[in-house]
Amino acid sequence: MISKTFSTALIATAIAFGATVSPSIAGDMNVKEHRTDFRVDWDPRHNKVTVTSFTGCRSAHGSPALTSDFQVLLDRDSRQIDIKGGFLSHEEHKHVDPKTIRVGPADCMGSRQQSVELLIGERGSYVINRRGQPVREAVLGQDSFNFVIRDERFGSAVNAIRAKQAPAMFLTTE
């Protein structure tokens with residue numbers, strides 16, 4: 001008999017279209033974790049939790065190719081939802097200086113997202129984990145809710161760009 005945890009993980013992974021990375025790609029030095037944020041939605045009408053991974057705004061021009069190793073695992077016995085993986089960036093140019101900021105149109109057409117839906121059999125309090133660490137306790141009850149888990153390891157892209165820009169020159173009068 002297949003355990004509830006394993007069968008739920010298998011279904012969740014299958015729903016996240018193309019959500020695996022082959023071992024040959026995992027060893028590639030040009031593959032890096034890409035900033036991935038997650039939105040968690042609870043729909044009490046259908047007893048469904050939807051976890052959506054998303055990259056945020058990315059230009060379709062010159063942005064690296066992305067793949068995903070995103071998985072969501074539900075352990076009904078311990079009442080935990082584990083969010084693992086995310087998007088992976090495949091740098092195509094080996095000789096690009098990583099300190100150089102590439103400016104392109106802010107069309108956001110390169111943005112990516114994937115969703116995994118979990119059917120919850122028993123309502124109640126569940127712990128949401130990211131990378132094996134508890135992020136939040138969520139009460140799956142009568143009221144719908146959603147929240148975002150931000151990938152703070154990457155910091156704010158806007159602040160990083162501002163920090164690299166030279167101070168603006170302004171004329172002032174006194």
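Reader: In what order do the elements of the chain run from the N terminus on?
Author: This is a predicted model. From the N terminus on, the order is α-α-β-β-β-β-β-β-β-β-β-β-β-α. The chain holds 3 helices and 11 strands.

Reader: Which residues touch the most other members of the largest nonpolar core?
Author: They are Val-49, Val-51, Ile-81 and Ile-83, in a core of 19 residues. The elements that give two or more residues to this core include strand S3 (48–54), strand S6 (80–84) and strand S9 (124–130). Strand S2 gives the most, with 3 residues.

Reader: Turning to Val-116, why does it count as buried?
Author: Val-116 counts as buried because its relative accessibility is 0%, and the cut-off for buried is under 20%. Val-116 lies in strand S8. The C-alpha atoms of Val-116 and Ser-53 are 8.7 Å apart, although 63 residues separate the two along the chain.

Reader: What share of contacts links residues 24 or more positions apart?
Author: Such pairs account for 68% of the contacts with a separation of 6 or more.

Reader: And how much of the chain is buried?
Author: Buried residues make up 32% of the 174 residues. The chain exposes about 11,500 Å², and carbon and sulfur atoms supply 56% of that area.

Notes: Residues are numbered from 1 along each chain as its sequence is written. This is a predicted model: local features need pLDDT of at least 70, side-chain atom pairs count only at pLDDT 80 or more; totals for chains, interfaces and linings use all residues. Side-chain values use heavy atoms; hydrogens and water are left out. A nonpolar core is a set of buried Ala, Val, Leu, Ile, Met, Phe, Trp, Tyr and Cys residues joined through side-chain atoms within 4.5 Å. Buried means under 20% relative accessible area, exposed over 50%, partly exposed in between (1.4 Å probe, protein chains only). Helices (H or I, at least four residues) and strands (E, at least two) are DSSP runs, numbered from the N terminus. Contact means heavy atoms within 4.5 Å. Accessible areas come from the Shrake-Rupley method with a 1.4 Å probe; for residues, only the protein chains shown count as cover.
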